[in-house]
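This briefing sets out how the chain is divided and how its ligand is held. The sequence and structure are shown first.

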Amino acid sequence: MKKVLVLGAGQLARMMALAGAPLNIDVVAYDVTSGQVVHPLTLAPVLSGLDNAIRYADVITAEFEHVPHDVLDACEASGKLKPGAAAIKAGGDRRIEKALLDQAGVANARYQLINAETDLVAASQHIGLPLVLKSSLGGYDGKGQWRLKTADQIPAVWQDIAAFLADAPAQSIVAEAFVPFQREVSLIGARNQAGDTAIYPLTENVHTDGVLSRSLALETQGDLQQQAEGMFNAVAETLGYVGVLAIEFFDVNGTLLVNEIAPRVHNSGHWTQQGADTCQFENHLRAVCDLPLGNTKAIRSTVMINILGEDTVPTDVLALPGCHIHWYGKEKRAGRKMGHINVTAASHNELVQTLDTLAQHLPSDSFPVVRLS
Ligand code: ATP
Ligand code: MG
């Protein structure tokens, strides 16, 4: 039995544990907040202390990128951390991430670092308006972001940012050109130690108030898939990446620009649990445990709907053809990712119909984007 330690004890570690069981891969999770090593499903403590867990594990990986650097460094020193600390740090700091994207030679929005109001003035002139301003550390689900539309807003926006920076030392702001995209897509793929890759079809993502609400596995991708895979390979090779890597893109008239990377399994890849031959969680474990990668082919038409801030959905949903609910076992909080529903069908048309029916069962304020029709 292989033993995998996951940094982070949320739903991604939980789903890795579920995917690992059939392969006899035992997953334990390090809760970065409490410092406890827990079972990813029960959250009961299983080992005492990070040092013991590092010794116990054959392989160490991460389910989120905001891991304290001393923890990452201790794991890296053991020689067991996959992907490596550099990849995880790039995912957790937009300054490192933007430099990585430039180094890999992949298209991304022009940017400048902001530490003072005068930097904001300079960025608005050099990059142009509107600007999207993002905290370099700790951002997720659109948090720690500001928009600057007109020059006369600079003093007010700076005031907000200065207040934010006062509570968050060692931070800068990344000012990025606003990208007038038609849609957002993401690519999930696995890469192993030997450099082999297994890449899923592109996923089209809809966000509501900065949070992912629906992901659709795209069935005809052609040139877009090729562009995305080229950028995936460039980033993964630059990092010597091992594991599942997710890349979010803006689609601007058929040309892709990288928005950001996630050095881990990703919410927009949850559809693979029912829609692909091998799910992203299993492929991540296969990659980091140096097992052959699994087939990433889509086997059905599939959509994933996030369950946000609700701890129940009508059980009738389970009676609908191809509907699968995945709960994360978390306590209810407004807007929190509590679970997701994967919806599969034999054809796209059938999927459209099932989603129409599903939408009638779900409250529209919590599920703003369900239908494809
Ligand atoms: P995540 O939960 O994906 O980690 P995040 O908080 O890290 O989110 P981003 O993905 O960078 O943030 O941004 C959140 C959303 O804001 C994007 O999905 C996109 O809709 C929008 N956005 C971000 N950057 C830009 C940009 N440069 N131009 C236009 N829209 C943008
Ligand atoms: Mg994002």
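In this predicted model, the chain is divided into three parts: domain 1 (2-81), domain 2 (110-177) and domain 3 (183-361). Ligand 1 lies between domain 2 and domain 3, because both give residues to the shell around it.

**Domain 1 and domain 3**

- The centres of domain 1 and domain 3, taken over C-alpha atoms, are separated by 23 Å.
- Their contact draws 18 residues from domain 1 and 20 residues from domain 3.
- About 1600 Å² of area is buried between domain 1 and domain 3, and carbon and sulfur atoms give 71% of this area.

**Shell around ligand 1**

- There are 21 residues around ligand 1, of which Lys134, Asp141, Gly142, Glu184 and Glu260 come nearest.
- By class, this shell comprises nine charged, seven nonpolar and five polar residues.
- At least two shell residues each are supplied by strand S7 (131-135), strand S8 (145-148), strand S9 (173-177), strand S14 (243-252) and strand S15 (255-262).

- The side chain of lysine 134 has an N or O atom 2.7 Å from an oxygen atom of ligand 1.
- For glutamine 145, the distance from a side-chain N or O atom to an oxygen atom of ligand 1 is 3.0 Å.
- In glutamate 248, a side-chain N or O atom is likewise 3.0 Å from an oxygen atom of ligand 1.
- On its own, ligand 1 has 610 Å² of accessible area, and the protein covers 91% of it.

Key: Residues numbered from 1 in each chain as written. Chains lettered and ligands numbered in written order. Predicted model: local features only at pLDDT ≥ 70, side-chain atom pairs only at ≥ 80, totals over all residues. Heavy atoms only, no water. Near = heavy atom within 4 Å. Polar contact = N/O pair within 3.5 Å; in protein donor to acceptor, adjacent residues only side chain to side chain. Areas by Shrake-Rupley, 256 points an atom, 1.4 Å probe, with all protein chains shown as cover. Helix = DSSP H or I, 4+ residues; strand = E, 2+ residues; numbered from the N terminus. Nonpolar A, V, L, I, M, F, W, Y, C, P; charged D, E, K, R; others polar. Domains from an automatic or database assignment. Contact = heavy atoms within 4.5 Å. Buried area = accessible area lost by both parts, 1.4 Å probe.
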